[in-house]
Number of protein chains: 4
Amino acid sequence: MTHPEPGEAMEARVRASLERQGMMATLGVELIAIERGRVQMALRHNDRLTQQHGFLHAGAVASVLDSACGYAAYSVMPPEASVLTVTFTINLLAPAAGQLFSITGSVVRAGRTLQVCRGEAFADDASRPFAAMQATMTALYDRPDISG
Amino acid sequence: MTHPEPGEAMEARVRASLERQGMMATLGVELIAIERGRVQMALRHNDRLTQQHGFLHAGAVASVLDSACGYAAYSVMPPEASVLTVTFTINLLAPAAGQLFSITGSVVRAGRTLQVCRGEAFADDASRPFAAMQATMTALYDRPDISG
Amino acid sequence: MTHPEPGEAMEARVRASLERQGMMATLGVELIAIERGRVQMALRHNDRLTQQHGFLHAGAVASVLDSACGYAAYSVMPPEASVLTVTFTINLLAPAAGQLFSITGSVVRAGRTLQVCRGEAFADDASRPFAAMQATMTALYDRPDISG
Amino acid sequence: MTHPEPGEAMEARVRASLERQGMMATLGVELIAIERGRVQMALRHNDRLTQQHGFLHAGAVASVLDSACGYAAYSVMPPEASVLTVTFTINLLAPAAGQLFSITGSVVRAGRTLQVCRGEAFADDASRPFAAMQATMTALYDRPDISG
């Protein structure tokens, strides 16, 4: 059985919402790949995003991991739902040192109201992540004031 | 008994480190108050920092809470130590709607190596927080490549 | 305006649910106080609940904090709702050394579906907690298979 | 290059510490497998470990996940170190319904002082976890009062 919403419609829905995030433009985030339940983004090192030692700020990493997890959750929601972050935990396994960061979010479990996701951030060609996230997202329905 | 480091020296140490955070300048964060074990910051709503519904992005809120908690921890460390985030958990209790946000970080327990902090974010004149953080920071010693 | 459910009914509802928790009996947990949005429990040191150094196991502490937070959330729910834990984060600020532990859970923000709580655990006469929890609970409705 | 400590010595060290955990005996936990950086445990459903709906209590699940993660971390530490939990986050993805639960802990990143681990809990023959943990452990050195 195929999913009721075609993949192209889902991808367009995710891209339209992401383009409304001022924060992703400020960070210079690029959307690399979307599939149902998984989103990959890229972030470049930028001195405007650093902490005091010159590494990427934990908050910049967390912002992109949160968006990757949020859109992974959004990609499996019905088209009429909106997505909000409930809570997330991030572990910084190593300093965010590098030039190009690959950041993924994947749905671990999806319910109608709550979705649990995992995110990982990789620096340059590393095979092991330097940051890991566990996130809980929620789908909102029947909220005409909030869409996307 | 007074703390071996005068309050002015501690405050100068925190400010010098904070000024090296490109991310805080990018977010437009202002340092409001520092005391030993507690830091207060302010953030203004800005369309460059939003998620898709026009509220502040969870990552922007997390970034400032992380810095407030990190500098609260740093304020109680010996002057020769550097601070890094180990992990944090943020709960978004309500959408980050408002114009002016007050963000505080406080040390709950400080050891030589690990410091546990709590952060809270308030919108405008609200008495109840819209976001809460529990964070673990670490002090680094004898790392000439990392200072502040 | 008074709450539609009398305090006695709420307290009876919490106690009835708690008494069905086999785990609380196994740990020897005692319910000390209930008010709307706040629950206090007591736990005694017991060699059956230790980790390898003879302190209380982090999981034993987490179990009681989770129940205290869960029942704080349950106390503010409508009588027809059931409560489940979505996620929690616990920080162990110091080893759980002592004889009598006081464990509290409080609601920080309550929505119809999600409730965010904070928990703290104190040893003997300590004024500072040795463990802190941030928890997200959910209310279930219309689930005849799950009650309490 | 082989690890300086033989696998048998590491396994004996983990088992000796685990056997001192009163909590694991109280829960009836069985150690299934140990390798360097990964521990698997088993837990049976027991009415003494339930929450109010008859599922395993979140705290019982968290206790075993915490021990699995803790011993995964301990297995990669030098023999003279002791292990303590700093913090963990658990997501309950579904009620802990079943008869036999398989619980694993794996090291994601190991430093001399801090180790980050992930844990997963599976019910019966399920291929997807019903609970996921992200945990931070610490190695203690030169603490004659704390061993294992």
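## Strands and how they pair

Let's begin with a term we will need: two strands count as paired if DSSP finds at least two bridges between them. Please keep in mind that this is a predicted model. In general, strands of a sheet pair through backbone hydrogen bonds, either parallel or antiparallel.

## Strand 6 of chain B

Strand 5 (residues 114-123) of chain B is joined to strand 6 of chain B by eight bridges, and the two run antiparallel. Here you can find Leu114(B) opposite Thr138(B). Strand 6 of chain B also pairs with strand 3 of chain B, again in the antiparallel sense, over ten bridges. In that pairing, Thr87(B) stands opposite Thr136(B).

Now move over to chains C and D. Twelve strands form an open sheet with antiparallel pairing, in the order 1(C)-2(C)-4(C)-5(C)-6(C)-3(C)-3(D)-6(D)-5(D)-4(D)-2(D)-1(D). Strand 1 (30-35) of chain C and strand 1 (30-35) of chain D stand at the edges with a single partner strand each, so one side of each has no neighbour in the sheet. On average, neighbouring strands of this sheet are turned by 20° against each other, direction ignored.

Within chain C, nine bridges link strand 4 (residues 100-110) to the antiparallel strand 5 (residues 114-123). Phe101(C) sits opposite Ala123(C) of strand 5 of chain C. Helix 1 (residues 7-18) of chain C lies across strand 1 and strand 2 (38-44) of chain C, and runs at about 150° to strand 1 of chain C.

Rolling a probe the size of a water molecule over the atoms shows where empty space is left. The structure holds one cavity of 30 Å³ or more, and the largest cavity has a volume of about 50 Å³. Among its 14 lining residues, the closest to the centre are Thr87(A), Thr89(A), Thr89(B), Thr87(C) and Thr89(D).

Which kinds of residue make up the lining of the largest cavity? Twelve are polar, two are nonpolar and none is charged. Elements that each supply at least two lining residues include strand 3 (82-92) of chain B and strand 6 (131-140) of chain C.

Methods. Residues numbered from 1 in each chain as written. Chains lettered and ligands numbered in written order. Predicted model: local features only at pLDDT ≥ 70, side-chain atom pairs only at ≥ 80, totals over all residues. Heavy atoms only, no water. Helix = DSSP H or I, 4+ residues; strand = E, 2+ residues; numbered from the N terminus. Axes fitted to C-alpha atoms, helices over the stretch in contact; angles between N-to-C directions. Contact = heavy atoms within 4.5 Å. 1 Å grid on protein atoms, 1.4 Å probe; cavity = no way out; pocket = protein on both sides within 12 Å on 5 of 7 lines; lining within 4 Å. Points joined across faces, edges and corners; volume = space filled by probe spheres on them. Nonpolar A, V, L, I, M, F, W, Y, C, P; charged D, E, K, R; others polar.
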